[in-house]
Amino acid sequence: MQEILVYILFVGSLAYFGFRFFSTFFKKEKKCGNGNCGCN
Amino acid sequence: MKKIHVALIGNPNVGKTTLFNRLCGVNQKTGNYPGVTVDKKVGKFKHLDFQIEVTDLPGFDSIYPKSMDEELVVNYLKNNSGKNHIEKVIFVADGTNIKKNLYLLSQVKDLGYDIVLAINLIDIAKRKGIQIDTRYLSKKFGIHVVEISARKGDGVDELKSALLLRSPESKADDLKYLREENHEILQSFVQENKAQNMYTAFLSITQDNTLPEVNVKKWKSEEAILRYQFVRKVLDKSIRIDKSLATDTTSRIDSILMHPVGGYIIFLGVLLVIFQSVFSLASYPMGWIEIFFSWFHDSAQLILAPGSFTSFITEGLIPGIEGVVIFVPQIVILFFFFAILDESGYMNRIIYLMDRLMQKVGMSGKSVVPLISSFACAVPAIMATRTIENKRERLITILVAPLLTCSARLPVYTILIGLLVPNTMLFGFVSIQALVLLAMYLLGIVTSILAAFIFKYLIKNEYRSFFITEMPRYLLPSIKNVFFTIWENTKAFIWNAGKIIVAASIILYVLGTNGGEKYRNTEQFVQSKYPELSQTELAPKISSYELEHSYLGMMGKSIEPAIIPLGYDWKIGIALISSIAAREVFVGTMSIIYSIDSEEDLSIMQKLEKETNSNTGKLTFNFATCISLLLFYAFSLQCMSTIAVTYKETKSIKWTGIQFLYMTILAYVVSFVAYQILV
């Protein structure tokens with residue numbers, strides 16, 4: 001039972017790093033719309 | 001009696017309202033613009049045979065409005081017609097900080113207004129030793145200039161008389177806001193659209209996008225750069241600051257803290273005090289945290305049922321979290337001092353001191369703010385480079401910002417410096433550990449300057465930009481703001497590092513407690529190899545063999561050939577791989593590796609001190625390896641978030657790649673050379 005719990009956490013952690021990697025490199029940044037921040 | 005309508009304008013907080021009250025006395029009335037909450041004040045006064053009506057408008061910083069009240073003023077100035085027709089403008093400037101006002105003055109002048117420049121606070125300016133050449137300003141802008149003190153009433157009569165005079169001929173360069181190749185576009189636009197003048201046409205193009213083929217962003221940034229060039233030239237010739245004439249407290253403190261030589265020495269001394277405090281003051285709470293986690297570890301082992309989850313909690317998660325939390329006292333102390341420097345006004349002096357140096361290495365004073373925030377974290381620092389208009393300066397700042405010592409490096413440095421030098425005092429009061437930490441911070445600063453200098457020659461430049469900063473008065477720091485800065489930065493450190501550490505701990509633990517065939521047959525192998533040893537003597541050998549043949553050990557072993565020349569073994573290799581996600585994971589990883597590996601209940605420092613290198617048989621963390629590791633972490637770009645933010649900000653795989661490569665190669669080469677010399 002304890003082992004299953006550790007493996008669930010392990011898969012969860014891998015997914016977390018995968019998500020972080022995807023969101024930092026591939027997710028589009030929201031534009032603020034006023035142009036003052038340099039995003040436009 | 002002849003009537004004149006005058007508008008009173010200027011940047012915020014230059015003393016417009018004081019002047020308005022001085023001019024109009026009790027005759028003022030307040031009226032609301034329809035539809036907006038911002039008010040304008042209208043007042044009247046008589047001078048000679050003239051009745052002068054004054055409209056006091058809200059302060060604004062640029063002709064490009066950023067808020068509703070600014071928009072109101074700008075629209076008012078752009079549409080100067082009808083019954084509100086303005087004949088004269090009193091532009092109020094702050095004599096103690098006139099450089100901030102001249103940019104706006106040049107924009108308003110280009111709108112075609114007949115301006116009288118009222119340089120307010122002239123009494124305070126003189127006490128600061130500031131001398132203003134009003135004749136030169138008058139010639140350069142084609143306006144009348146009067147020095148006043150609205151608070152005392154000095155110069156107000158001259159101002160009233162100047163309102164009745166005709167403006168002198170302008171000697172200002174025409175179209176100083178647009179590059180020559182675009183002049184034709186603007187001229188034909190003026191003819192076609194019958195614009196009031198060239199600058200209103202320019203604003204129509206840049207603010208209302210009336211000419212779609214024009215790159216508005218480029219025109220705007222060109223305007224900012226060309227105007228600053230013009231303002232800088234005017235300032236160079238019209239303002240002199242003679243510190244020997246200054247008599248106010250701020251100037252007297254400045255004469256010491258901003259001395260061309262002494263200023264830098266004091267700055268170094270301030271840094272040394274900070275780093276000494278980081279070590280000495282933080283050692284007490286760090287000890288308490290260590291005791292707490294040791295108790296927590298023992299309690300968890302007692303309470304939880306034996307099994308792999310319990311073992312993960314005690315050997316993976318708790319040491320991992322301890323690796324983050326133990327450095328909180330140091331982070332708190334570091335940001336306490338940074339907040340004090342910022343709040344007191346000293347940080348701006350540091351920026352000013354560094355400006356000249358920055359210009360020489362291809363950056364500007366504007367780069368200093370992002371670079372200083374890099375001491376906290378490179379991610380917001382790289383985002384803060386958006387304020388730098390010049391592309392080359394911005395790119396160079398982005399490329400070198402991660403070389404400065406961020407808070408994530410602090411745990412790595414502290415632990416390695418702890419292993420490297422004893423906690424002894426030089427001359428009885430200067431901690432050697434603090435000196436080494438100061439040296440690491442200086443190394444980051446010097447390397448970033450050298451790197452910037454090299455990039456200056458590699459990246460082409462279109463034009464030079466100028467930096468104008470405000471020098472605030474020295475103030476006693478507000479406790480609330482200091483507390484807020486500490487809280488925000490500590491929270492960010494714990495939360496950002498915490499999330500990664502917990503996830504990394506889980507992965508490291510699973511990879512460190514699982515492996516291939518050799519891992520599974522550890523006990524058999526070790527028992528057959530050491531048949532003479534008892535079960536207790538065998539235990540450390542079994543855990544060591546297990547770790548070496550686990551998946552984690554295999555990863556470390558796979559990069560070992562590349563890192564042996566730097567003095568590292570496969571265990572440090574594991575820490576290097578795991579800290580690619582974030583540098584602070586290094587300490588957490590070391591804690592986990594040695595918790596899995598060791599049966600003894602020792603602190604991380606004690607474990608590292610005892611550790612021997614499996615290749616050489618000598619102590620792993622000897623002098624040469626510690627120096628090599630310190631240098632590796634000083635230069636390498638081990639931070640996923642920084643790589644990502646560089647990519648986002650530069651939108652270029654090329655520059656993101658160049659940054660990662662130059663820092664990694666630099667880290668490897670410098671560590672290699674250092675180790676080979678010292679070993």
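E322(B) is buried, its relative accessible area being 18%, where buried stands for under 20% relative accessible area, exposed for over 50% and partly exposed for what lies in between, with a 1.4 Å probe and protein chains only. The model is a predicted one, in which local features need pLDDT of at least 70 and side-chain atom pairs count only at pLDDT 80 or more, while totals for chains, interfaces and linings use all residues. Residues are numbered from 1 along each chain as its sequence is written, chains are lettered from A and ligands numbered from 1 in the order in which they are written, and side-chain values use heavy atoms, with hydrogens and water left out.

- E322(B) belongs to helix α13 (residues 308–325) of chain B, helices (H or I, at least four residues) and strands (E, at least two) being DSSP runs numbered from the N terminus.
- Not counting residues up to four places away in sequence, E322(B) touches E290(B) and F293(B), where contact means heavy atoms within 4.5 Å.
- S294(B) stands 28 residues from E322(B) in sequence, and the two are 9.4 Å apart in space, C-alpha to C-alpha.
- S204(B), in helix α8 (residues 198–208) of chain B, is buried with a relative accessible area of 17%, and beyond its neighbours within four places in sequence it is in contact with F189(B), N209(B) and T210(B).

**Helix α15(B)**

- The 15 residues of α15 (residues 346–360) of chain B should span 21 Å at 1.5 Å a residue, which agrees with the 23 Å between its end C-alpha atoms; the expected span is 1.5 Å times one less than the number of residues.
- At M354(B) the helix α15(B) bends by about 40°, the bend being the angle between axes fitted to the seven residues ending there and the seven starting there.
- Because 11 of the 15 residues of α15(B) are buried, this helix is largely enclosed by the rest of the structure; the buried residues include R349(B), M354(B) and D355(B).
- The buried residues of α15(B) pack against α10 (249–257), α11 (262–280), α14 (328–344) and α16 (365–373) of chain B, and the helix is followed by G362(B), whose phi is positive, near 90°.

**Rings and charges**

- Over all chains the structure holds 21 aromatic pairs, a pair being rings of Phe, Tyr and Trp (its six-membered ring) with centres within 6.5 Å, counted as stacked for planes under 30 degrees apart, edge-to-face for over 60 and tilted for the rest.
- F632(B) and Y633(B) form an edge-to-face pair, at 6.1 Å centre to centre and 70° between the planes, and both residues are buried.
- F292(B), F293(B), W295(B) and F296(B) are linked into a cluster by ring pairs.
- The charged end of R349(B) sits over the ring of Y474(B), 4.1 Å from its centre, by the rule that NZ of Lys or CZ of Arg is within 6 Å of the ring centre and within 35 degrees of the ring normal.
- R227(B) lies over the face of Y199(B), at 4.8 Å from the ring centre.

- Most residues other than glycine have a negative phi.
- L48(B), although not a glycine, has a positive phi of about 50°; it lies in the loop between β3 (39–47) and β4 (50–56) of chain B and is exposed, with a relative accessible area of 65%.
- L121(B), likewise not a glycine, has a positive phi of about 60°, and is partly exposed, with a relative accessible area of 23%.
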